[in-house]
Amino acid sequence: MSLKWRQFKYELKSKGYDESKTKEEMIAHIPDPRVDPSQYRDLVHYWCSEKGQKISNINKRSCSKYEDLHCMGTNNLPRRIHEMTTKAKGVQPSRAEIYIDTRTRKDGSIITEKAAIVIDELKNKMVEAESSQNLQSTQDSTDWTNDIYSKVKGPEKRGRVRCLGKLPHQASSSQSSYTNNRIQKLENLLGNLVAVLKVRFAEDPQINQVLEAIDQEVPTNDSTSKDHQTTNNLS
């Protein structure tokens, strides 16, 4: 959520702030209809204030020190990956392909010299993999631990995968154990319930059809089912 909020603020300023215009001219044109006019007025005043300019200059200097730049503009990474996947008719691109795409401008030029060197290495590795008929296994988009990109750029750090974004938080072993036990208990309860309902509604084909479908996903407790069948026969 915080990432999307920062992205929204960045896009809003990139569209609304113009040094060549006065405050009133910028306030008169709100680039996004979702923004409240009174809040946008305050925002423009902040952009133009001494504090806002100081923070903006600090951020610009920080960005200038970042070496691995991309040329996606306001287009975020998940959207770009989706566009590439759609263009490839459902085939998700590898990290090497994503890196090359996001560092190559529309005119075919590479955004930085460093990126150009990395792209050359990636392409060479891709050619080697293709010639050895291991391209599919080497470029598997779900296996980022030993793909072409990792061989060129090195292993990943915890919590984030380059050219893919953030990773889901991994639960600790104690949390995983608790979750697995909880799931097992719920499956047992559901299995017992299905067994009872099968006996209770043995003559109803529609309910039995639903119970059979559940039974395929969560096996019933056989002993419980037999006990209820015995009780039903005795009654």
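User: Which residues is Leu-122 in contact with, leaving aside its neighbours within four places in sequence?

Analyst: Contact means heavy atoms within 4.5 Å. On that basis, Leu-122 is in contact with Ala-96, Tyr-99, Ile-100, Ile-148, Tyr-149 and Val-152, once neighbours within four places in sequence are set aside. This is a predicted model, in which local features need pLDDT of at least 70 and side-chain atom pairs count only at pLDDT 80 or more, while totals for chains, interfaces and linings use all residues. Residues are numbered from 1 along each chain as its sequence is written, and side-chain values use heavy atoms, with hydrogens and water left out.

User: Which residues touch the most other members of the largest nonpolar core?

Analyst: In soluble globular proteins, nonpolar side chains tend to be buried together. A nonpolar core is a set of buried Ala, Val, Leu, Ile, Met, Phe, Trp, Tyr and Cys residues joined through side-chain atoms within 4.5 Å; buried means under 20% relative accessible area, exposed over 50%, and partly exposed in between (1.4 Å probe, protein chains only). Here the largest core has 19 residues, and Ile-98, Tyr-99, Leu-122 and Ile-148 touch the most other members. Two or more residues come from each of helix 5 (77–87), helix 6 (95–102), helix 7 (113–131) and helix 9 (148–153). Helix 7 gives the largest share, six residues. Helices (H or I, at least four residues) are DSSP runs, numbered from the N terminus. Another core, of seven residues, lies apart from this one and includes Ile-27, Val-35, Val-44 and Trp-47.

User: How many aromatic pairs does the structure hold, and how is each described?

Analyst: A pair of aromatic rings is described by the distance of the centres and the angle of the planes. Rings of Phe, Tyr and Trp (its six-membered ring) pair if their centres lie within 6.5 Å; planes under 30 degrees apart count as stacked, over 60 as edge-to-face and the rest as tilted. The structure holds four such pairs. Trp-5 and Phe-8 are stacked, at 5.8 Å centre to centre with 20° between the planes. The rings of Tyr-99 and Tyr-149 are 5.8 Å apart at their centres with planes at 55°, so this pair is tilted. Because Tyr-99 lies in helix 6 and Tyr-149 in helix 9, the pair ties together parts that are 50 residues apart in sequence. Both Tyr-99 and Tyr-149 are buried. Ring pairs also link Tyr-17, Tyr-40 and Trp-47 into a cluster.

User: Where is the place of Lys-89?

Analyst: Most residues other than glycine have a negative phi. Lys-89, in the loop between helix 5 and helix 6, has a positive phi near 60°.
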